[in-house]
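Here are my notes on the model you sent over. Have it open while you go through them.

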Amino acid sequence: MNVNITPAKSLRGVVNVPGDKSVSHRSVMIGALACGETEVKNFLMGEDCLSTIRIIRALGVDVQVENSRVVIRSDGLETLREPGDVLDAGNSGTTMRLMSGILAGSPFYSVITGDDSLRSRPMGRVIRPLVAMGAEIMARNNNLLAPISIKGGNLKSINYESPVASAQVKSAVLLAGLFAPGCTTVTEPTKSRDHTERMLRHFGARVEVDGTKITVWGKPCLTGKKITVPGDISSAMFLIVAGLIVKGSEIVLPNVGINPTRTGALQVLKAMGGDITINNPREVNGEPIGDITVRSSKLKGTEIGGAIIPYLIDEIPVLAVAAALAEGKTVISDAGELRHKESDRIATVVKLLRNFGAGVEEFTDGLVVHGVKKIRGAVCETFGDHRLAMSAAVAGLAADGETVVMGAECVHISYPGFFDTLKKIAVQ
Ligand code: S3P
């Protein structure tokens, strides 16, 4: 599907962004390990989270879905049953990596696979610690790539030093740790998003956090809970950048997650001169949320690197669009992880920005964007990558002339209704 984007005079309105993808996945997975009923409101009905629901159902758990309300009924950690067929995680890295942790703890045989993109993403990072815990795992290309086959059960707890700051790796080990007697510890090089830790606590697990070291106590008695999923800050960020770069804009985004391990892009955009305010900060089920207002602003280039990278890793494509229209240059470094996302996001972002006429240099672990006064509309390939498609659309709103987003259906991965929302808030 191709979507045409015409430049907007301004963007104005109130938008309720869909539920957070990371929190939605975890609510169903952890709900499936908790005794009793878990009710999730504002669940993200995007393709990735639907893959998680399909897999949890294939493992014998009762999951009811009605609009964005999901109800999971389980008898606890030992509820999951051997699936009758291969489990399909689709495009979702979170599904494959976190579920691998749960499957490693479960005493049966399973095989998990995914689409072309997911089958080319690194899985050795989760397989290695899960094998160290005692799971029998085989995977393609010397245990590095999916499909992954797992014979789980009888795990022992470990103390794992993760070589990458990845919430998916950390979460896979912590979830496996639920099935192992004793304490399982994961230490990260720098802190990654902490939704798993927060949600496990919410469900009654004992989790201790000491800087970058997280410990979970095995064999907990988790109990079903009510969860309201915050609006997804990563989805909100497309509208935030659009609001900043399209003149005369003001957009209000209520109930968005502002977990500090996710808000790196807000910090960066504010440092670039972005007029962004957070009102009414509060907490729902252990996650901070707030109402965000953004107004168009004159941006200047900046430097992005170091420990903030995991707090904004998914936002780099759209931050690069902001940088393309900022005064001066923006240097993004320490972001080699981008090469292992739904597409090689260093290469694909560089292509995208060049298409729009911005000056970009590519490096192994990042990119340098030279801001320009005006970008020109472009025909954009999106490589099946939802965040690239939305970044292209945002750039198109601020460009001269028309933009075509090719393969635009991939936005369904994380933001169904994205293009309708743009239409509603765009003043032509
Ligand atoms: C996620 C963690 C991040 C992020 C992804 C979602 C999660 O991946 O990029 O979109 O929900 O745990 P990594 O753990 O690979 O950094």
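The points below go from the domains to the ligand site, then to strands and backbone details.

1. Ground rules first. This is a predicted model, so to speak of local features a pLDDT of at least 70 is needed, side-chain atom pairs count only at pLDDT 80 or more, and totals for chains, interfaces and linings use all residues. Residues are numbered from 1 along each chain as its sequence is written, and side-chain values use heavy atoms, with hydrogens and water left out.

2. Domains. The protein chain splits into domain 1 (3–19 + 231–427) and domain 2 (21–228), with bounds from an automatic or database domain assignment. Their C-alpha centres are 28 Å apart.

3. Where does the ligand lie relative to domain 1 and domain 2? It lies between them, because both domains give residues to the shell around it. That shell is made of S22, R26, T94, R97, S166, A167, Q168, R193, I313, D314 and K341; a residue is near the ligand if one of its heavy atoms lies within 4 Å of it.

4. Polar contacts (pairs of N or O atoms within 3.5 Å). An N or O atom in the side chain of S166 is 2.6 Å from a ligand oxygen. The side chain of D314 has an N or O atom 2.7 Å from an oxygen of the ligand, and for the side chain of K341 the value is 2.7 Å. The protein covers 94% of the 380 Å² of accessible area that the ligand has on its own, using the Shrake-Rupley method with a 1.4 Å probe. The elements giving two or more residues to the shell are α1 (21–31), α3 (93–105) and α6 (167–177); helices (H or I, at least four residues) and strands (E, at least two) are DSSP runs, numbered from the N terminus.

5. An open sheet. Three strands run in the order β1-β23-β22, with mixed pairing; two strands pair if DSSP finds at least two bridges between them. β1 (3–5) and β22 (379–380) are the edge strands, each pairing on one side only. β1 and β23 (residues 403–405) are antiparallel over 3 bridges, with N4 bridged to V404.

6. Two hairpins to look at. β16 (residues 275–284) and β17 (residues 287–295) pair antiparallel over 8 bridges, E283 having P288 as its bridge partner. Their hairpin has 2 residues between the strands, and N285 takes a positive phi near 30°. β12 (residues 207–210) is joined to β13 by 4 antiparallel bridges. The β12 and β13 hairpin also has 2 residues between its strands, with G211 in the turn at a positive phi of about 65°.

7. Backbone checks. Most residues other than glycine have a negative phi, and most peptide bonds are trans. Please look at N42, a non-glycine with a positive phi of about 60°, in the loop between β3 (35–41) and α2 (47–58). Then check the A146 to P147 peptide bond, which is cis with omega near 5°; P147 lies in strand β9 (residues 145–151).

Key:
Polar contact = N/O pair within 3.5 Å; in protein donor to acceptor, adjacent residues only side chain to side chain.
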